[in-house]
Every structure is written in C-alpha cells, then in structure tokens.
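Here is a friendly note to read alongside the structure. Please keep the 3D view open and look up each residue as it comes up.

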There are 2 protein chains.
Amino acid sequence: MSEKARRPRVVIVGGGFGGLAAARALKRADADVTLIDRTNHFTFQPLLYQVATAALAPSDITAPIRWILHRQKNVEVLMAEVQAVDSERRAIRIDHALREIPYDYLILATGSRHAYFGHNEWEPYAPGLKAIEDASEIRRRFLLAFEKAEKSTDPTEQQEYMTFVIVGGGPTGVELAGAMPFIARKALAPDFRKIDTHKTRVILVEAGPRILPTFPADLAARAERDLKDLGVEVRVNSLVTKVDANGVCIGEETIKARTAFWAAGNLASPLGKSVGGPTDRVGRIEVNRDLSVPGHPEIFAVGDLAYLVQDGRMIPGVGPAAIQEGSFAGKNILRELTHRPRKDFHYWNKGDLAVIGRSRAIADFGWIKFGGRLAWFLWLFVHIMYLVGFRNRLSVLLQWGYSYFTYGAGARLITDVERYKPQTSRGSSAISSQ
Amino acid sequence: MSEKARRPRVVIVGGGFGGLAAARALKRADADVTLIDRTNHFTFQPLLYQVATAALAPSDITAPIRWILHRQKNVEVLMAEVQAVDSERRAIRIDHALREIPYDYLILATGSRHAYFGHNEWEPYAPGLKAIEDASEIRRRFLLAFEKAEKSTDPTEQQEYMTFVIVGGGPTGVELAGAMPFIARKALAPDFRKIDTHKTRVILVEAGPRILPTFPADLAARAERDLKDLGVEVRVNSLVTKVDANGVCIGEETIKARTAFWAAGNLASPLGKSVGGPTDRVGRIEVNRDLSVPGHPEIFAVGDLAYLVQDGRMIPGVGPAAIQEGSFAGKNILRELTHRPRKDFHYWNKGDLAVIGRSRAIADFGWIKFGGRLAWFLWLFVHIMYLVGFRNRLSVLLQWGYSYFTYGAGARLITDVERYKPQTSRGSSAISSQ
C-alpha cells in the first residue's frame with residue numbers, strides 16, 4: 001500500500017461519456033488513475049439506434065477504451081466487473097469480489113440500464129437499447145422477423161411478423177421508430193419475393209400524453225407529424241400492461257406483433273446503492289453540488305448515475321451532461337490535490353436534438369427552436385464531430401453517405417448468437433468479463 | 001404442386017462461393033430457383049482471419065444473400081436449416097424437418113466445418129475459423145487474453161495468457177499466426193501498462209513435416225522463414241495429443257498457453273451423407289465428372305462438399321474451385337433444361353496465394369512462383385476485386401489502408417457474448433435459424 005510518498009489513487013468506474021471525461025480531466029494530476037469497465041470499449045450511445053436499425057456496424061460507433069487513453073500515462077485501464085463499493089475501507093471489489101482495489105478518490109460513472117417497471121419478465125420479448133450487444137440483438141430480431149415472414153405461408157402470421165411495437169416515446173423510441181419504416185419499405189423491399197414489406201407496421205407506444213416529453217410541446221407535435229408521415233403509428237396515453245411472444249397489451253387491447261422493443265424508463269446501475277448515500281426512485285445517487293456523494297466527500301457520481309437539480313429541473317441523462325459532470329468531478333479532485341477549494345457544478349445545456357427518420361430532426365436551443373432538414377444536418381454534424389477517433393468518424397461518414405443513397409446492405413448482418421432466450425432470465429444470459 | 005406446365009424447381013443449399021455461383025449461372029434458366037442458407041449472409045471466407053485478428057469488422061466481409069441476388073427475379077432466398085435430403089421423394093426437409101421443399105434439381109454447396117479428428121472435446125479450448133461467428137470468437141479470445149494478462153499479478157500466468165498456439169500449418173493457420181505477432185507487439189503495445197506485449201509468443205504447430213503442404217516445398221520454406229522473421233515459432237512433425245484450458249500437448253510435452261486456435265482438418269457438411277452416394281473419409285461426396293452424385297443425376301455437389309480428382313490430384317477446397325464448380329453445375333442444369341447434353345467439369349487452377357503477416361505472401365501459378373511484397377500486393381488486389389458488393393470493397397480498402405498505417409483500433413471490439421463455454425458441447429451452443 002505505501003511506498004515513500006504514495007501518489008493518490010483515483011479509481012473511475014465506467015468507461016462511457018462520464019468516465020472518459022473524468023479520466024481526461026485528470027491528465028495533469030499527480031495521481032494514479034485506474035479506469036474500470038465491464039467491456040473493453042467505449043460506445044457512442046447516441047448512435048446505437050443506427051446499429052440497431054442496420055445502418056452502421058458495431059465497430060463504427062465503438063473504440064477500445066485503452067486505445068482512447070493510451071497516451072495518458074497516468075491512467076491504467078482494467079476490464080473487470082465491479083461488484084461493490086466498500087466505502088468504509090475505501091476500496092472496490094472486482095472479479096466476483098475476489099479482488100480489492102483501494103482508492104483515495106472514487107468516481108462512479110456506471111450509467112443506467114433500461115427498466116421494466118417491475119416486469120423483468122418482459123425483457124426477453126422486448127429488449128432495450130443501452131449497449132452494443134443490445135443493438136446487435138435488436139437488429140437481429142428486426143431482420144429475422146422479415147426472414148420468418150418470408151418463410152411463413154399464413155398471411156396473418158406474416159403480418160404479425162411484419163408488425164413492430166416500440167414501447168417508449170422518448171428520443172430513443174422516436175429514433176428507432178423513425179428509422180424502421182424506411183428500411184422495411186425501401187431498403188428491404190427488393191430483397192423479398194413473397195412478402196410485401198410495404199405492409200410493415202411500426203407502432204410507437206407512449207404512456208404519457210405526448211411523445212418527447214422533455215422537448216417543447218410544439219416541437220414534439222412536429223416530430224409526431226413527421227413520424228406519421230414516415231408511416232409510424234403513434235399511440236399516446238397508452239400504458240403497456242403486458243408484453244409476451246404474441247404482442248403488446250395496452251389495457252384490454254392486444255397489438256399482435258412478434259417483435260417488440262423497449263425504450264421506456266431507466267434504472268441506475270445498482271452500484272449506486274452499494275455506496276450508501278441517498279438515492280432517488282430509479283436508483284440515482286442524489287449528489288451534492290460539487291458532485292460528491294453526501295457523507296463521502298471522496299466519492300463522486302456523474303452521468304446517468306447522478307441526480308442533481310438545477311434551476312428547478314433535473315439535469316437530464318444525456319451525453320453532454322455526463323461529459324460535463326465527469327470532467328467537473330475530475331477537476332474537483334485536481335483542485336483538491338493542488339490544495340485549491342472545490343467548486344460547484346453548473347450544467348450548460350447546449351441544446352437538445354432528436355432525429356426522426358432519414359432526413360428530419362428537431363432542435364431546441366432555448367433561444368431558438370426548429371425542425372426539418374436543417375435540424376437533421378445539424379444532428380449529423382454534431383454527431384460526427386463528437387465521435388471518438390478519426391477512423392470511426394471517417395468510416396461513419398462514408399457509411400452514412402453510402403447508406404443514404406443506396407440503402408446500404410453491408411450492415412444487415414444477422415449473426416447466430418442469440419442474446420436473450422425467452423426461457424431464460426436476463427441475469428443468466430449476462431456474461432461477465434471473466 | 002402442378003399448375004399447367006410447371007416450371008422446374010432448382011434448390012440450392014448453401015450461400016457460399018459455390019451456391020451463389022450456381023444461382024448466378026441459372027440467371028437465364030426458365031426455372032424457379034430457391035437458395036437456402038442457415039444464415040442471412042454470404043461470408044468472404046478468405047478474409048475471415050482478418051476479422052479474427054481485429055483488422056476488419058464482420059460487416060466488411062459479409063453481405064446479405066438476398067441483397068446479392070435481389071435483381072435475379074427467378075431466385076428466392078430462404079433462411080433455414082436443412083436437416084436432410086430425401087433423395088427418393090426428391091425433397092429436402094427444413095426447420096426441424098417440419099417442412100418439405102420439393103426439387104427437380106438439387107445443388108448441394110454446404111461446405112465444411114473444421115474437424116477435431118474424433119476429439120470434439122478440444123473444440124471449446126481451440127475454436128476453428130469457418131464462419132463469421134468463429135472469427136468474432138477468435139478475436140474475442142485473442143483480445144481478452146491480453147486483458148487477463150494485464151489484470152494478473154503472476155508473471156508465469158501473464159506469460160501463459162500471452163502465449164497463443166495455432167494448430168494446423170495450412171493457409172488459415174499460417175495467416176492467423178502471421179497476423180498475431182504484429183498486432184500484439186505493435187498495435188497493442190502502447191495500450192497496456194503492466195504487461196510487455198513484446199513477450200507475446202505465437203506458436204504454429206503442424207503434424208506433417210512442413211507447413212503449407214499444398215504449396216511447392218521451396219515456397220513453403222520461404223513462408224516458414226518469413227513467419228520466423230515475424231516472431232512466430234514454427235513446430236513441424238508435432239502431432240497434438242491433447243488440448244485443454246492449460247495448453248496444448250505434443251506427445252509428452254505441454255505448451256502452456258491459455259488460448260489456442262484450430263486450423264487443422266475439415267469435415268464436410270453432414271448433409272453429404274444423407275444423400276446416400278459414396279463419400280470419402282472426411283464426408284465429401286465423390287461426384288461424377290459432370291459434378292452429379294452417382295446414382296442421382298438430378299443432384300449435384302460442389303465446393304468443399306465435393307470430392308473429384310483431376311490429373312491425379314484432388315481439386316482443392318478453395319474459393320475459386322467452389323465458384324467454378326457451382327457455376328458449372330448450374331450450367332449443366334441449364335443445358336439439360338434446354339435439351340443440350342451435360343459437359344464434364346474441368347478445374348482451372350488460376351494460382352495459389354497465401355499471405356504471411358502484414359506485407360508478405362507467396363504465390364504459385366505453376367509457370368511462375370514468387371514470394372515477398374509483390375505477392376502480397378497481388379493477394380491484396382485479388383481479394384479486393386473478388387469482394388462482393390461495392391460498399392464492402394471500398395470500405396475494406398479504406399480500412400486496410402488505415403489499419404496498415406495506424407494499427408487501426410476500431411475493430412478491436414470485444415462483445416460480451418461468449419460462443420463456446422468450456423462446459424458445454426459444440427452442438428448445444430449452435431443455435432438454429434429458428
């Protein structure tokens with residue numbers, strides 16, 4: 001533990017937007033930084049839906065965490081699953097709790113998973129979209145549904161295979177729903193002989209009174225019109241009561257569909273609770289204004305794991321907020337290491353964007369709101385600029401360009417590894433890094 | 001079954017080089033062609049090792065079969081697993097034998113899988129390389145080994161993780177072995193803090209007296225020198241007697257290695273035996289000179305499933321042979337449909353190429369043999385030209401160019417879906433298209 005004047009040890013858990021920003025903020029810190037993630041790669045989550053809808057390949061939106069940080073010599077990257085935080089002994093436990101890693105400062109950036117409101121039995125029938133494996137699974141099911149429809153000889157069954165229900169009208173649900181009709185009706189149409197893919201139904205189900213509740217009402221209304229133009233059936237005020245192999249139930253009604261996807265609700269990583277600080281109803285840690293955990297000034301929580309209110313509104317669970325928080329937590333540690341006082345975090349909302357289909361989006365910058373093709377170009381520009389790594393940026397740009405004009409086929413790959421099997425629970429199919 | 005003058009029905013099983021070439025040869029046939037494959041995609045097998053060694057992404061070397069054939073209106077594509085051929089009733093059985101598809105002509109192009117010489121218990125410890133999922137699994141294990149070495153605190157264990165054994169000195173084994181030292185020692189070196197990836201050992205084990213037995217002895221000797229220059233340990237006359245989690249045994253000696261790969265020996269698809277014709281020791285159908293199965297003039301076998309001797313030598317199980325045979329079988333059917341006599345197949349060996357590492361290859365055209373960088377450029381050119389689909393061709397060229405100069409990181413993706421678990425057998429982890 002101690003050799004002469006030991007350098008302080010900062011452990012960051014999670015290699016997403018928040019964790020990477022924290023590591024980078026500690027670049028000049030006289031400290032040993034360890035970043036731990038379950039996977040070996042950073043995932044650019046805002047584009048996951050593009051992998052899920054077969055427009056991009058998984059490698060286009062991922063990059064190895066080691067590679068992103070390889071020039072930063074004070075950072076060590078470990079691929080491991082963190083089981084618990086022992087905040088009394090100031091150590092985390094990894095690898096089935098067999099090994100301990102001590103820390104002086106801890107930054108938790110483990111994000112969230114999709115939640116089923118106490119109905120985890122729905123997950124096998126309606127996978128969510130948080131990690132690259134989720135995106136591959138959604139793509140697999142989406143494409144397989146057409147293969148099965150083509151093989152079927154029963155028109156009713158064919159239509160059930162060609163009906164897709166997306167639960168949740170937030171940005172992810174809107175992006176998924178908006179992309180699917182085009183792929184089905186244009187890209188896939190010439191490939192099939194027996195089915196008419198123009199009959200594909202895409203139904204977006206939202207429990208609340210309107211889609212995109214975090215956007216201004218007029219922009220959300222425009223997005224709903226755009227979705228309907230694309231052929232998406234939008235159903236608001238529709239609380240899902242059951243999901244199974246036959247379809248999705250809304251109250252007494254059953255939408256017959258063989259394939260459903262889940263984009264409703266998040267649950268923060270369970271690590272948040274193991275720290276022992278106050279958490280909100282979805283498990284987020286209610287952090288102090290300096291982003292530290294109440295009662296544990298040496299522990300910080302950022303991104304989707306943190307709950308913080310600013311100007312009467314919760315800071316949203318989006319990439320830019322995670323980046324700003326991660327960076328700020330890192331800087332607060334840096335301040336303390338150089339004997340300066342900590343500061344309070346202030347979120348700067350640069351604007352919200354949501355994309356609808358192939359060429360429309362909505363943009364909300366507070367001082368200006370707009371939709372349509374201009375918003376879509378802005379969305380494209382922002383996302384390409386933010387992509388980690390030059391190779392991916394160029395590759396994505398080319399792939400998008402090519403897909404845009406040719407309805408690109410290369411990414412329409414079904415691999416035969418099934419992630420969820422209906423008979424097993426989510427827990428048993430999740431394979432740890434060991 | 002019969003409406004007026006029924007068009008003859010040609011069923012092709014397998015969407016690899018042979019099956020696709022057969023379908024294309026039937027382009028102008030007045031027949032209904034059905035191509036059936038377990039997967040939805042064609043895989044460019046000669047480049048699988050590039051996916052396995054993280055240089056290319058799976059989507060770079062695959063394309064949906066439907067998409068490849070979508071302009072050919074007399075072809076219908078089905079994604080299904082063929083269980084058996086009922087040659088008496090002239091029908092194949094798909095989907096757990098629940099459904100039958102009748103044929104007038106049948107072309108079998110189901111290829112081969114790697115074989116373990118009666119030791120299937122070795123497969124979990126030494127996966128082979130035939131399909132895109134195999135390549136992802138090899139990549140996963142290769143990259144995970146370094147992650148585990150970095151986490152380990154025991155130098156002996158670290159070295160075992162950084163030792164890779166490749167069994168089989170044919171082209172696939174040579175390609176895999178040749179690519180690994182470079183990735184380990186150059187591409188991965190800056191990413192790790194605790195391990196020195198220059199200590200990586202790559203050991204190529206061959207049972208016979210020399211590697212690349214199908215190439216002339218002087219070229220094979222050159223390839224062996226090239227491999228040694230790259231840092232590969234080549235062990236010939238070394239029969240593997242055991243493979244388990246600790247390593248690979250050669251007689252009494254154990255090579256301690258946590259990761260092994262299998263590139264030795266093939267077994268033809270079991271469908272060959274269900275036809276009832278004569279088969280050789282690895283299950284290939286001994287076809288007539290017109291590529292039909294003895295006793296069944298309406299059934300053809302092509303590619304790795306067919307055994308045919310020409311000029312005293314077996315026609316090799318390589319892509320060009322499968323393409324020529326598939327095309328020829330299709331044309332023989334076309335001839336018969338237009339009341340012309342069948343012809344006998346003649347294989348035209350355009351030359352053999354094997355690549356060694358990042359910039360060397362060997363080429364054998366019969367009338368000329370050479371090695372080195374020129375052979376490598378030829379290899380590059382030939383493979384890019386043959387890649388199906390413009391997008392892939394461009395994408396692969398860019399990716400190669402970029403990887404070549406930067407040791408590209410984008411493809412170094414470990415996804416957490418494990419294909420083989422040591423405790424389960426191969427059979428149970430294979431998921432059918434259903």
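1. Helices and strands here are DSSP runs, numbered from the N terminus: a helix is H or I with at least four residues, and a strand is E with at least two. This is a predicted model, in which local features need pLDDT of at least 70, side-chain atom pairs count only at pLDDT 80 or more, and totals for chains, interfaces and linings use all residues. Residues are numbered from 1 along each chain as its sequence is written, chains are lettered from A and ligands numbered from 1 in the order in which they are written, and side-chain values use heavy atoms, with hydrogens and water left out.

2. Let us begin with the rings. Rings of Phe, Tyr and Trp (its six-membered ring) pair if their centres lie within 6.5 Å; planes under 30 degrees apart are stacked, over 60 edge-to-face, and the rest tilted. Over all chains, the search finds 26 aromatic pairs. One of them joins F142(B) and F146(B), edge-to-face, with 5.4 Å centre to centre and 85° between the planes. About one helical turn separates F142(B) from F146(B), because they are four residues apart in helix α4 (residues 132–151) of chain B. Both F142(B) and F146(B) are buried, where buried means under 20% relative accessible area, exposed over 50%, and partly exposed in between (1.4 Å probe, protein chains only).

3. In chain A, look for a cluster in which ring pairs link Y116(A), F117(A), W122(A) and W262(A). Rings can also have a charge over them: NZ of Lys or CZ of Arg must be within 6 Å of the ring centre and within 35 degrees of the ring normal. The charged end of R335(A) sits over the ring of F328(A), 5.2 Å from its centre. In chain B, R335(B) lies over the face of F328(B), at 5.2 Å from the ring centre.

4. Now for the sheets. Strands of a sheet pair through backbone hydrogen bonds, either parallel or antiparallel. Two strands count as paired if DSSP finds at least two bridges between them. In chain A, four strands make an open, parallel sheet in the order β13-β12-β11-β17. Each of β13 (232–235) and β17 (259–262) of chain A has a single partner strand, so one side of each is left without a neighbour in the sheet. From one strand to the next, the twist averages 20°; axes are lines fitted to C-alpha atoms, for helices over the stretch in contact, and angles run from 0 to 180 degrees between N-to-C directions.

5. Inside that sheet, five bridges join the parallel strands β11 (residues 163–167) and β12 (residues 201–205) of chain A. T163(A) stands opposite R201(A) in β12(A). Helix α4 (residues 132–151) of chain A packs on the sheet, touching β11 and β17 of chain A, and its direction makes about 160° with that of β17(A). Helix α7 (residues 217–230) of chain A also packs on the sheet, where it touches β12 and β13 of chain A at about 140° to the direction of β13(A). Contact means heavy atoms within 4.5 Å.

6. Chain A also has an open sheet of three strands, β6-β7-β8, with antiparallel pairing. Its edge strands, β6 (82–86) and β8 (99–102) of chain A, each pair on one side only. The twist averages 25° from one strand to the next. Four bridges join β6(A) to β7 (residues 91–94) of chain A, and V82(A) has I94(A) as its bridge partner in β7(A).

7. Is I414(B) buried or exposed? I414(B) counts as buried because its relative accessibility is 4%. I414(B) lies in the loop between α11 (390–406) and α12 (426–429) of chain B. Leaving aside neighbours within four places in sequence, I414(B) has contacts that include N40(A), H41(A), R140(B) and L143(B).

8. Finally, check two backbone angles. Most residues other than glycine have a negative phi. Phi of N237(A) is near 50°, a positive value; N237(A) lies in the loop between β13 and β14 (240–244) of chain A and counts as exposed, at 55% relative accessibility. Phi of F117(B) is near 50°, also positive. F117(B) lies in the loop between β10 (112–114) and α4 of chain B, and at 56% relative accessibility F117(B) counts as exposed.
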